[in-house]
Protein chains: 2
Amino acid sequence: MRIAVDVMGGDHGCETVIDGVKQALQANFGLTEVYLVGDRERIDAHLAQSRFHDKRLRTVHASEVLAMEDKPVEGLRRKKDCSVLRAVDLVKEGRAEALISPGNTGGLVAAATIRLRKLPGVDRVGIATVIPAQDNEFVLLDSGASVECRPMHLVHYAIMGSVYAREILGCKRPRVGILSNGTEDNKGNELTLEAFKLCKQIDLHFIGNVEGYDLFHNRVDVAVCDGFVGNIVLKTIESLAQGLVDWLKKELSKNPRRMLGALLAKNALRTIKRRMDPDAYGGAPLLGLNGNVMKAHGSSRDRAVMNAMRLSTQAVQNQINQIICQEIHRANDRLSAASNSPAAAATPA
Amino acid sequence: MRIAVDVMGGDHGCETVIDGVKQALQANFGLTEVYLVGDRERIDAHLAQSRFHDKRLRTVHASEVLAMEDKPVEGLRRKKDCSVLRAVDLVKEGRAEALISPGNTGGLVAAATIRLRKLPGVDRVGIATVIPAQDNEFVLLDSGASVECRPMHLVHYAIMGSVYAREILGCKRPRVGILSNGTEDNKGNELTLEAFKLCKQIDLHFIGNVEGYDLFHNRVDVAVCDGFVGNIVLKTIESLAQGLVDWLKKELSKNPRRMLGALLAKNALRTIKRRMDPDAYGGAPLLGLNGNVMKAHGSSRDRAVMNAMRLSTQAVQNQINQIICQEIHRANDRLSAASNSPAAAATPA
């Protein structure tokens, strides 16, 4: 297994990312080659300083970094030698089978889409974020790659999310729902109502519309929406969860009695915190690309990077892109064959 | 102060709603007349059984109820004598100054819009939900009245939300933001990008785009979005908050040590739970109507109904509809006067 890691662009510096790579190499995951892409001097310095030598490591120099504040397309045009482009090229050239980057999300989506192209039959790339709940976890996609969507894009997200939940998360028969403003079939906006009709016609465990209430009550495994809604929902969840944890900490430290209570109950809080920890997934795959690309959290710690590498190797091993391709084609064919009006929407622009 | 209460259609029966009215009458709120609208037999039976006599009470009989599962417009057409229509009529005839209903949201919006009409200059009614956070509270609107919006609708939501936050919640200079997929000015979809330009041109403390992260970190007082996004966000917040509380309870009851800890720390948990409790607001006003209408939660308990009545009396006393009217007119005039292209979007359909 050969993986390229864009070590630049994360919030905690390339050193943290390299430490994550180290953990992944130690855990193995069938890794045979890992490319560290970025500032060679900093990479080598950290490798030397941490006395980390592994013959599976390769350093690929990139003199520039696409910063978080760079505008994706403009930034990529200006910074031809940035690490994310170099890393994408390793996949394009077949030297790496998968790529992980903690940097600018829009930049990663743009670089990967331009250089690797989309899978045949797929119109839009989607970011699939796995969100843990008490008794289950669900995939939210698109969580931010594509702000304006057409119905067929949501159909493809539904298929890709379903494949990901099944092949990577081990969910046998993922329940796929369209995120809407109510569960009734007639609820939704123009986009989701049309996507709803299309999803009904394809081979998918489609449970119809789901609403916000369903997300944390184990009623859906794949929640489909456009990237505008998905991004807002994802950040709202992170904001509320973080806000509640901070608030609880503050309340628990207000007097000795509460502090003692917190001490006795700390395992309960820890269980929840650990399960909600985004580092457990480490990142979110970009689905629909002709290549395996994983967006690691910008704030990724070493453990997150390691987990992102684990999931990336699984994606390669389970050949999820091949499966996505097959299922997308089957769905596209079925929708084209249906001569009724919804099939018209299946024509890509 | 004369208020009409549709006592039917809530999840816990008319008795709970009547108990809330009782508390409100006891608290006074300047109430002079309260109309209990619904099944007279059930209302009278409960009043007799609870030995509740108050000369400010009037019962108005309605033989039908618009159920939660009824389709709004169709349901209203079929059930001419339903309680929500009777209650709306009391406002229309000037017998009541405000109306509260815990029933079918779509039905309430439709009934109120048809019978009371919108305020002059306003195109769309918006539901303004107040959401508590650790250090502040914010208004989310529209949280479900209008699924498909045009830019000018968001502008009106921004103005109405700002007036509500200022006049009712006491926020001196509400920070108004458009809920988007990032805080940068260029983030958003077609709808929000255009609304952003318009909001820049009017007299409003407009802070630009806000994202999910900002909601629970005291960075915005009024978060503006269409009813599709707002409804999903609202229900996601309720789902996650409820899910986390349930999860914590379960974890805390797993062994005696944790149970003791929970006992010692219970005031910390209670503080948070009480502040997050939707009953503290009791409901959400429908803004933009030619009348004061409050949607109480379907699951409203008596305390929620009391609080909804308190907020309704404040809306009447502070004449928020007159203020909304003035501010909407000023904004419409300014946008019309601006001969540049965004003004084109100001033309109502």
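Visitor: Which domains does the domain assignment of chain A give?

Guide: Domain 1 covers 1–117 + 289–318, and domain 2 covers 124–279 + 319–349. Such bounds come from an automatic or database domain assignment. Please keep in mind that this is a predicted model, in which local features need pLDDT of at least 70 and side-chain atom pairs count only at pLDDT 80 or more, while totals for chains, interfaces and linings use all residues. Residues are numbered from 1 along each chain as its sequence is written, and chains are lettered from A and ligands numbered from 1 in the order in which they are written.

Visitor: How many residues of domain 1 of chain A are in contact with domain 2 of chain A?

Guide: Contact is a distance test: the C-beta atoms of two residues, placed from the backbone, must lie within 7 Å. In chain A, 15 residues of domain 1 are in contact with 11 residues of domain 2. On the domain 1 side, helix H5 (105–116), strand E12 (292–296) and helix H12 (302–317) of chain A each supply at least two residues. Helices (H or I, at least four residues) and strands (E, at least two) are DSSP runs, numbered from the N terminus. H12(A) has the largest share of that side, six residues.

Visitor: What makes Gln319(A) count as exposed?

Guide: The cut-offs for other C-beta atoms within 10 Å of a residue's own, placed from the backbone, are 20 or more for buried, 12 or fewer for exposed, and partly exposed in between. Gln319(A) has 12 such atoms, so Gln319(A) is exposed. This residue is found in the loop between H12 and helix H13 (320–337) of chain A, and has a positive phi of about 50 degrees although it is not a glycine.

Visitor: Why is Arg117(A) called partly exposed?

Guide: Arg117(A) has 13 C-beta neighbours inside 10 Å, and therefore counts as partly exposed. Arg117(A) lies in the loop between H5 and strand E5 (126–127) of chain A. Its phi is positive too, about 70 degrees, although Arg117(A) is not a glycine. Most residues other than glycine have a negative phi, and most peptide bonds are trans.

Visitor: Where is there a cis peptide bond in chain A?

Guide: A cis bond joins Leu141(A) and Asp142(A), with omega about 0 degrees. Asp142(A) is found in the loop between strand E7 (137–141) and helix H6 (151–167) of chain A. In chain B, the bond from Leu141(B) to Asp142(B) is cis, with omega near 5 degrees.

Visitor: How do you know that the same surface serves both copies?

Guide: Of the contact residues of chain A, 100% recur in chain B.

Visitor: Which element gives the most to the side of chain A that touches chain B?

Guide: 48 residues of chain A are in contact with 48 residues of chain B. On the chain A side, H9(A) gives the most, with 20 residues. Elements giving two or more residues include helix H9 (227–252) and helix H10 (256–264) of chain A.
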